[in-house]
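Please prepare a briefing on the strand pairing and the pockets of the model below, with the cut-offs behind each term.

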Amino acid sequence: MQTRSSPSRPRDGRPAAHARFTAVALMTAALLVSACSSGSSSIKPSSAASARSDAANAPVLAPLPRAIPAALAPYYTQRLTWRDCGVPGFRCATLKAPLDYDRPGAGDVRLAVTRKAATGKGKPLGSLVVNPGGPGGSAVGYLQQYAGLGYPAEVRARYDMVAMDPRGVARSEPVECLDDRRMDTYTQTDVTPDDRAEQNAAVAADEKFAQACGEHSARLLRHVSTVEVARDTDILRAALGDAKLNYVGASYGTFLGATYAGLFPSRVGRVVLDGALDPSLDSRTVNLEQAQGFETAFQAFTQDCLRRTDCPIGGRGTTPTQAADHLRAFFRKLDGHPVATGDGDGRKLGEALATTGVIAAMYDEGAWSQLRAALTSAMKGDGAALLALSDSYYERDASGHYSNLMMANNAVNCLDLPPAFTGVDQLRRAQSAFEKASPVFGEGLAWQSLNCAYWPVRATGEPHRITAKGAAPIVVVGTTRDPATPYRWAQSLAHQLSSGHLLTYAGDGHTAFLRGSTCVDSAIDTYLLHGTPPSPGKRCS
């Protein structure tokens, strides 16, 4: 359900190669979350307390029968044919799953899988499936470029490392919507409209995006829900020959992992959910709390920035509020007077792309120095560095080509939950709550929440709690100043799960595993290698 993002549509983040996938995955989780929301016909600015009261009464995700239906037997008994990937150390295969689980004979989807075999000494522990988030992040790319090389050596020695691109993502029959030129236009859409014309343009952008997805991906669009991906994951487990699923999911990957646990509690092995989403919340609440999360992260960035001599939003004696005012003033200036970037396609840095670049840097405190330099240059008239941050967020490469990240992100989010708002009038009534939650990003995030209102396919999901009664211990990891998946979401999910164990990281950034905390890494390694979850109340820094 969410960890979606949208910052202008945010997602995920971490350092180096990991950064690309975490940032993409986690970010997506963040802002895109704001894309889909509650669906009541009349949305009133409700308090967080009342929203969470509703969440406490959300229905529980019911497990599926343990017995495999006869119609699905051919999928569960298939054998994977492994072939060379062209990536040293990895093999690839294609998994078949039914397009429609209610009509298994109506056609298949073909899902890309990759594996790096365990090569170390010690008793093999089976497969460890990883997912970096999104929705829309490529798990195959994540494994081949980061996790298969960067996960702890002993974990890689004992587990076959496995990843599968979810249906509709990257190598697995990707959802297609806008071409690159139209994506450039879409990402530059003004989401802080100043007048009726700009308001109409923002609505038209979302309408055109949705229409294009309906035209180019009609076959898949009704069948990319997280529940369906979780069921695909169980077929993958069987095809790998594992009795139980061992899994590490980050950001949106936690929603996928928790959904799997809810549907198949008896098949849960060692499962880590890092940067957790709360499945009991409606989209509007998710988006609103995410706005608060980004504001928290921005305040942490500001406090750090103001202590430095190269801070572009203030100096000695500047208060955090004044610094935020300086950044907002800069965004307003760009709204009317974009700055040059040297981009080969003629793009300038306007408010939308600049905001996305700043939000992208909120996912990882390691990017704060890059953000300071990028803002300094942009304020002097050179927007190239801030544009590069925005492009990395959207997965736009140097040739101007976009991955299908944002397209898959919208497709999954809009199917998993009813839209946050059904139109501009509802949004306007809720906008003040978003601006209060985040004076810097709130207005834009509220407008980003409109995209599912025009989606060509009705949502099939709803807010729900996940208990996974009978499942083995599940480790839920929460970071106290996580911008995309607020800490309270991890607390809530750990409480919902009958076997949930909360591991807290007191720090900044999105997700905690392999981000520099020896305490966090050691606790997760111990669990993955020995099955021993962290002690109750375990807290790391």
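How do the residues of the lining of the second largest pocket divide into nonpolar, polar and charged? They divide into eight nonpolar, five polar and eight charged, where Ala, Val, Leu, Ile, Met, Phe, Trp, Tyr, Cys and Pro count as nonpolar, Asp, Glu, Lys and Arg as charged, and the others, Gly among them, as polar.

This is a predicted model, in which local features need pLDDT of at least 70 and side-chain atom pairs count only at pLDDT 80 or more, while totals for chains, interfaces and linings use all residues. Residues are numbered from 1 along each chain as its sequence is written, and side-chain values use heavy atoms, with hydrogens and water left out.

- Strand β6 (residues 245-250) pairs with β7 in the parallel sense over five bridges, with Val-268 of β7 as the bridge partner of Leu-245; two strands pair if DSSP finds at least two bridges between them.
- Strand β8 (residues 474-481) runs parallel to β7 and is joined to it by four bridges, and Ile-474 in β8 is the bridge partner of Val-271.

**Largest pocket**

- The largest pocket holds about 480 Å³ of space; a pocket is an open set of points on a 1 Å grid over the protein atoms alone, where a 1.4 Å probe fits, with protein on both sides within 12 Å along at least five of seven lines, and its volume is the space filled by probe spheres set on the points, which are joined across faces, edges and corners.
- Of the 21 residues that line the largest pocket (those with an atom within 4 Å of a point), the closest to its centre are Ser-225, Val-227, Glu-228, Thr-460 and Gly-461.
- The largest share of this lining, four residues, comes from α9.

**Second largest pocket**

- The second largest pocket holds about 310 Å³ of space, and of the 21 residues that line it, the closest to its centre are Thr-192, Phe-331, Glu-351, Val-440 and Glu-443.
- Helices α12 (320-336), α13 (351-361) and α18 (442-448) each supply at least two residues of this lining, and α12 gives the most, with four residues.
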